Amino acid sequence: MTVAGEIGAHVAAARGRDPATANASTVQILATWPGVQAVLAHRIAHRLHQQSVPLIPLAISYLARAITGIEIHPGARIGQGFFIDHGAGVVVGETTEIGDDVTLYQGVTLGGTGFQAGKRHPTVEDNVTIGSGAKLLGPIEVGHGAKVGANSVVVEDVPPCTTVVGNPGHPVKVEGRKVEGPDADWIHLPDPVQDAVKSLSARIKELEGQVAELSGNENRGGGESDPDPRRGRSSAGG
Ligand SMILES: CC(C)(COP(=O)(O)OP(=O)(O)OC[C@H]1O[C@@H](n2cnc3c(N)ncnc32)[C@H](O)[C@@H]1OP(=O)(O)O)[C@@H](O)C(=O)NCCC(=O)NCCS
């Protein structure tokens, strides 16, 4: 794409997704929309990064951050029609991959979870919207058309066309419909450890009964094994 085409595409993305552009000229958008400036700066930085030019790509990224408050590592791969609204506090890590027509709001982090090397940042497919303050951490995949609610913390893959909210991020809508059924109940989650302890406890009780029967001492059977490890002795006393 030509430079003019690139600039035009990013201005068009801003016009398409930010109602505040209604009365703004193209020059105004280029001069005062930090999201547009940061992405255009990234296009140059990324091109130079791909050609293994030293220092300059990071210097461009650093300057863009100083001016816009948006930090995009030169290594991040970003598709067409990318738009960052407002922008301050956005961080896009080195191994992030972003598809076409993705929208981010201020305060979004596409980051890693630790100090590991290699692919460690999210992959975001086409037409995804990520709300303000959301943190997407690790080499997760966010499927096309997904929405991430403001202030969510997402550390697992998000299926396509799914809306996730909260911390940890969990689905509340799939293809526009609310999630219903047992999978929607995030309060009463199954506890496999407790289930295993209960099962072992029941088995021990059964064996103790058999031992007591064989030894002719019924009273020693039954023990005190509590099927619920979280429940202590009754505070009612007696
Ligand atoms: C996540 C979002 C896209 C959901 O939009 P939606 O598809 O219309 O979904 P709904 O509004 O019907 O919400 C579905 C459920 O999620 C809850 N929810 C929505 N957004 C949430 C959020 N950010 N955090 C926690 N819960 C949220 C709703 O309360 C609702 O809960 P309920 O089913 O118990 O009633 C939207 O709420 C959002 O966060 N957008 C980001 C906007 C933004 O960052 N704007 C910045 C402008 S400067």
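What share of the contacts in the protein with a separation of 6 or more comes from residues 24 or more positions apart? I looked it up: 30%. Two residues are in contact here if their C-beta atoms, placed from the backbone, lie within 7 Å.

**Entry 1. Ground rules**

I am working with a predicted model; local features need pLDDT of at least 70, side-chain atom pairs count only at pLDDT 80 or more, and totals for chains, interfaces and linings use all residues. Residues are numbered from 1 along each chain as its sequence is written.

**Entry 2. Inventory**

I find five helices and 16 strands in the protein. Helices (H or I, at least four residues) and strands (E, at least two) are DSSP runs, numbered from the N terminus. Of the 238 residues, 26% are buried. Buried means 20 or more other C-beta atoms within 10 Å of the residue's own, exposed means 12 or fewer, and partly exposed is in between, with C-beta atoms placed from the backbone.

**Entry 3. Helix pair α3 and α4**

I describe two packed helices by the angle between their axes and the distance between the axes. Helix α3 spans residues 34-50 and helix α4 spans residues 56-68. They pack at an angle of about 175°, with axes 8 Å apart. Axes are lines fitted to C-alpha atoms, for helices over the stretch in contact, and angles run from 0 to 180 degrees between N-to-C directions. The two helices are therefore roughly antiparallel, a label for angles over 145 degrees.

I listed the contact next. From α3, it includes Pro34, Gln37, Ala38, Ala41 and Ile44. From α4, it includes Ile56, Pro57, Ile60 and Ser61. By class, the contact has 11 nonpolar, four polar and no charged residues. Ala, Val, Leu, Ile, Met, Phe, Trp, Tyr, Cys and Pro count as nonpolar, Asp, Glu, Lys and Arg as charged, and the others, Gly among them, as polar.

I then zoomed in on isoleucine 60, in helix α4. Isoleucine 60 is buried, with 20 other C-beta atoms within 10 Å. Not counting residues up to four places away in sequence, isoleucine 60 touches Ala41, Ile44 and Ala45.

**Entry 4. Four-strand sheet**

I traced an open sheet of four strands in the order β2-β5-β8-β11, with parallel pairing. Two strands pair if DSSP finds at least two bridges between them. β2 (77-78) and β11 (141-142) stand at the edges with a single partner strand each, so one side of each has no neighbour in the sheet. Two bridges join β2 to β5 (residues 97-98). Isoleucine 78 stands opposite isoleucine 98 in β5.

**Entry 5. Seven-strand sheet**

A second open sheet runs β3-β6-β9-β12-β14-β15-β16, with mixed pairing. Its edges are β3 (83-84) and β16 (177-178), each with a single partner strand, so one side of each is left without a neighbour in the sheet.

I checked the pairs one by one. Strand β12 (residues 147-148) runs parallel to β14, joined by two bridges. Lysine 147 stands opposite threonine 163 in β14. β14 and β15 run antiparallel over four bridges. Threonine 162 faces valine 174 in β15. β15 and β16 pair in the antiparallel sense over two bridges. Lysine 173 has lysine 178 in β16 as its bridge partner.

Most residues other than glycine have a negative phi, and most peptide bonds are trans. I looked for exceptions.

β14 and β15 form a hairpin with four residues between them. In the turn, glycine 166 has a positive phi of about 90°. Asparagine 167 and proline 168 are joined by a cis peptide bond, with omega about 0°. Proline 168 lies in the loop between β14 and β15.

Asparagine 127 has a positive phi near 60°. Asparagine 127 sits in the loop between β8 (123-124) and β9 (129-130). Asparagine 127 is partly exposed, with 18 other C-beta atoms within 10 Å.

Cysteine 161 has a positive phi near 55°. Cysteine 161 is in the loop between β13 (153-154) and β14. Cysteine 161 is partly exposed, with 17 other C-beta atoms within 10 Å.

**Entry 6. Ligand shell**

Which residues are the closest to the ligand? I noted Gly131, Ser132, Gly149, Ala150 and Val165, among 14 residues that surround the ligand. A residue is near a molecule if its C-beta atom, placed from the backbone, lies within 6 Å of it. By class, the shell has four nonpolar, seven polar and three charged residues. β14 (162-165) and β15 (170-174) each supply at least two residues of the shell.

Key. Parallel < 35°, antiparallel > 145°, perpendicular 65-115°, else oblique.
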